[in-house]
Amino acid sequence: MGKPRNCTIRDLARYVGLSTCTVSKVLNHPSEALSIPERTQEKVREAARKLNYVPNVNAQRFFMRRSFVIGLLVPSQEEMGHNVFHDTHFADIMSGIEQALKGTAYHLLLLFNHPEFRYAGMFSSGLLDGLLIWGAHRSEEYREKLVELTGPRIFLTSIPDSGKDAPPLHYIASDYEQAAEGIAGRLKQSGCRDFCWLAGKPDTSIISQLVSGMKRAGVVLSPSAIRYSDYTEADGEKLAEELLRNGHYDVLVATAPQLARGAARAAEKLKRNIRIGCFDGQARTRKPSDSFLCAQTDDVEIGKCAIEQLLALLEKKAKLVQRKIPVSFAENGFLIGK
């Protein structure tokens with residue numbers, strides 16, 4: 001028995017008595033089908049299920065010059081030192097991406113950044129329409145190749161340096177300048193004067209933004225008041241103890257909540273009554289013991305905005321995407337404004 005012929009979009013249109021354009025809008029472009037009655041849309045979808053209609057991807061690519069595939073590039077486990085899905089920022093960004101993809105014809109392809117770099121070929125072959133890049137640090141060996149890609153791509157949570165005289169790059173990130181200014185400013189208003197900082201890794205774009213934000217609040221730190229770390233609580237405790245033993249600080253700011261928790265343990269061990277602030281927290285990962293002042297990022301909004309703005313680039317509705325998503329502030333689990 002021969003293999004049954006695939007149902008084409010023309011077959012489907014004849015079956016439901018509608019034009020191929022209408023059927024295509026319902027199945028491939030939900031955002032353009034809003035003017036089509038819901039009863040008609042359901043009739044098309046039901047017929048597609050009954051006839052086992054499968055879109056011809058190659059035909060879509062040829063006639064529409066689109067693959068309807070968006071790549072999401074993330075660091076490999078070797079690069080991060082742990083599974084990417086353990087990162088709660090990433091998990092929330094994925095949630096936002098999922099929400100924004102609903103009602104579109106696009107699919108998401110997860111890609112891990114391995115040495116065998118193939119992403120330029122994915123653009124040139126038509127496999128990818130666009131690329132979202134999460135977790136790219138300035139020290140990464142393949143960052144330069146990501147910057148040099150010519151296809152539509154947006155960096156997420158980091159602000160890339162395109163180099164002197166190079167065209168500006170697209171990015172969507174939390175407003176870390178606002179975070180640092182808000183935390184440092186509030187701590188100063190409470191009477192704190194002598195700051196020290198657990199800064200995280202030095203090769204991230206967030207560092208320069210945090211320095212700029214603190215400067216706007218009137219806080220400028222000497223190198224002796226800064227320690228770079230690996231973002232773990234253990235490292236935060238060790239480095240905070242080192243800072244507090246060597247200086248008369250009355251406030252410590254930390255880039256991440258893990259570092260702030262480690263600093264709190266060090267202060268308790270040394271019986272030092274200091275204030276602690278955190279630049280990069282999340283409401284859902286707060287612990288009952290977190291009494292420090294914290295900036296909270298909106299990572300779901302970053303994910304939603306990433307899809308919306310990448311589609312705007314693809315549809316020529318945007319020329320440059322550079323968005324900083326505002327943060328909120330909380331202490332002891334209670335919001336205290338933006």
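This dialogue walks through a few features of a predicted model.

Reader: What should I know before reading the numbers?

Author: The model is predicted: local features need pLDDT of at least 70, side-chain atom pairs count only at pLDDT 80 or more, and totals for chains, interfaces and linings use all residues. Residues are numbered from 1 along each chain as its sequence is written, and side-chain values use heavy atoms, without hydrogens and water.

Reader: How many cavities of 30 Å³ or more does a search of the whole structure find?

Author: Rolling a probe the size of a water molecule over the atoms shows where empty space is left. A cavity is a set of points, on a 1 Å grid over the protein atoms alone, where a 1.4 Å probe fits but cannot get out. Volume is the space filled by probe spheres set on the points, which are joined across faces, edges and corners. Here the search finds two cavities of 30 Å³ or more.

Reader: Which residues lie nearest the centre of the largest cavity?

Author: Lining residues have an atom within 4 Å of a point. The largest cavity has 14 of them, and Gln 282, Arg 286, Asp 290, Phe 292 and Cys 294 lie nearest its centre.

Reader: Is Lys 238 buried or exposed?

Author: Buried means under 20% relative accessible area, exposed over 50%, partly exposed in between (1.4 Å probe, protein chains only). Lys 238 has 52%, so it is exposed. Between Lys 238 and Arg 265, the C-alpha to C-alpha distance is 9.5 Å, with 27 residues separating them in sequence.

Methods
1 Å grid on protein atoms, 1.4 Å probe; cavity = no way out; pocket = protein on both sides within 12 Å on 5 of 7 lines; lining within 4 Å.
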